[in-house]
2 protein chains.
Amino acid sequence: MLSKKSQYAFKALAYLTEKYKQGPVLIAEVSKKKKIPLKFLENILLELKKADILDSKKGKGGGYFLKKDPAKVKVATIVRLVNGPIAMLPCVSLYFYERCKNCDEKQCGLHDMMIEVRDASLAILENRTLSDLVH
Amino acid sequence: MLSKKSQYAFKALAYLTEKYKQGPVLIAEVSKKKKIPLKFLENILLELKKADILDSKKGKGGGYFLKKDPAKVKVATIVRLVNGPIAMLPCVSLYFYERCKNCDEKQCGLHDMMIEVRDASLAILENRTLSDLVH
DNA sequence: CTTTAAGTCTATCAAGTTGGTAGGGAATCT
DNA sequence: AGATTCCCTACCAACTTGATAGACTTAAAG
């Protein structure tokens with residue numbers, strides 16, 4: 001399951017997508033409109049900035065805004081960033097791979113099945129962008 | 001991600017699938033062969049018994065065994081039982097549904113996307129059984 | 001050059017979950 | 001009766017999650 005933090009992140013990103021190219025948006029505005037605890041949202045947006053998804057301006061007239069075209073930012077990227085692995089097992093994760101202990105990947109039936117699930121999920125998440133969050 | 005408990009459960013079930021119709025198998029044997037902490041495994045197997053997946057016999061010659069044909073036990077069932085929801089959001093879960101707060105499901109882009117992911121995952125997990133874990 | 005309006009950073013915390021352990025109880029077989 | 005094996009309750013340390021507090025930095029306005 002996506003954490004609450006991830007859900008907040010997506011709501012905030014959807015809002016910033018709506019406001020794309022309209023100048024910086026206050027954290028407080030996002031917090032109010034999307035009903036996300038202010039200080040928690042601060043952390044989330046800062047993290048997204050450090051990951052190069054968002055940019056910000058300080059001082060009067062400042063705020064947060066998308067750094068790139070929302071149609072170019074994959075949902076999969078955000079999930080990995082904020083929520084972690086998409087795969088159901090570390091041994092089938094592309095970005096968070098960890099070898100299985102006590103289990104030969106070449107003969108583990110679960111392994112193969114979870115690769116299928118991963119690929120099915122990625123087929124969707126890698127082909128949807130922030131633009132698809134609003135309509 | 002599947003919890004360690006879930007991974008243990010699948011390993012144990014795979015072992016019991018191999019021994020299907022060969023009489024009860026000791027917890028201690030499963031623990032040793034699959035390298036699962038004994039007392040932790042006890043809890044897991046007991047839970048699977050209460051969920052009607054396994055059955056057991058006490059005393060000498062006792063142990064655990066599959067209650068049904070492994071080809072009839074869906075992987076999805078086990079995941080839900082031991083790990084919880086398969087969907088990435090409560091508002092798109094079939095078995096663990098919870099309404100979204102502050103978010104109209106009919107106009108939430110994330111909602112639709114996560115339904116797609118859920119269906120893609122279920123297409124696999126609902127059509128694989130314990131038999132597919134061994135080969 | 002001071003005030004004010006923002007975002008930035010560090011630290012902390014309560015509650016819940018996860019992975020695991022301990023030990024005795026209950027059933028069953030010999 | 002005694003051995004064997006599962007059953008049950010309780011407990012615990014470590015980690016994660018969701019959230020808050022407060023001081024700091026940067027930038028614009030006047």
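Chain A is built from five helices and two strands, where helices (H or I, at least four residues) and strands (E, at least two) are DSSP runs numbered from the N terminus. This is a predicted model, in which local features need pLDDT of at least 70, side-chain atom pairs count only at pLDDT 80 or more, and totals for chains, interfaces and linings use all residues. Residues are numbered from 1 along each chain as its sequence is written, while chains are lettered from A and ligands numbered from 1 in the order in which they are written.

Read from the N terminus, chain A goes α-α-α-β-β-α-α. Its C-alpha atoms fill a box of roughly 60 × 25 × 25 Å along the principal axes.

Now to the partner chain. The contact draws 25 residues from chain B and 25 residues from chain A; two residues are in contact if their C-beta atoms, placed from the backbone, lie within 7 Å. On the chain B side, H1 and helix H5 (109-125) each give two or more residues, and H5(B) brings the largest share, ten residues.

Next comes DNA strand C, with 24 residues around it, of which Ser3(B), Lys4(B), Pro37(B), Lys39(B) and Gly59(B) come nearest. Near means that the C-beta atom, placed from the backbone, lies within 6 Å. Elements supplying at least two residues here include helix H3 (38-50) of chain A and helix H1 (4-18) of chain B.
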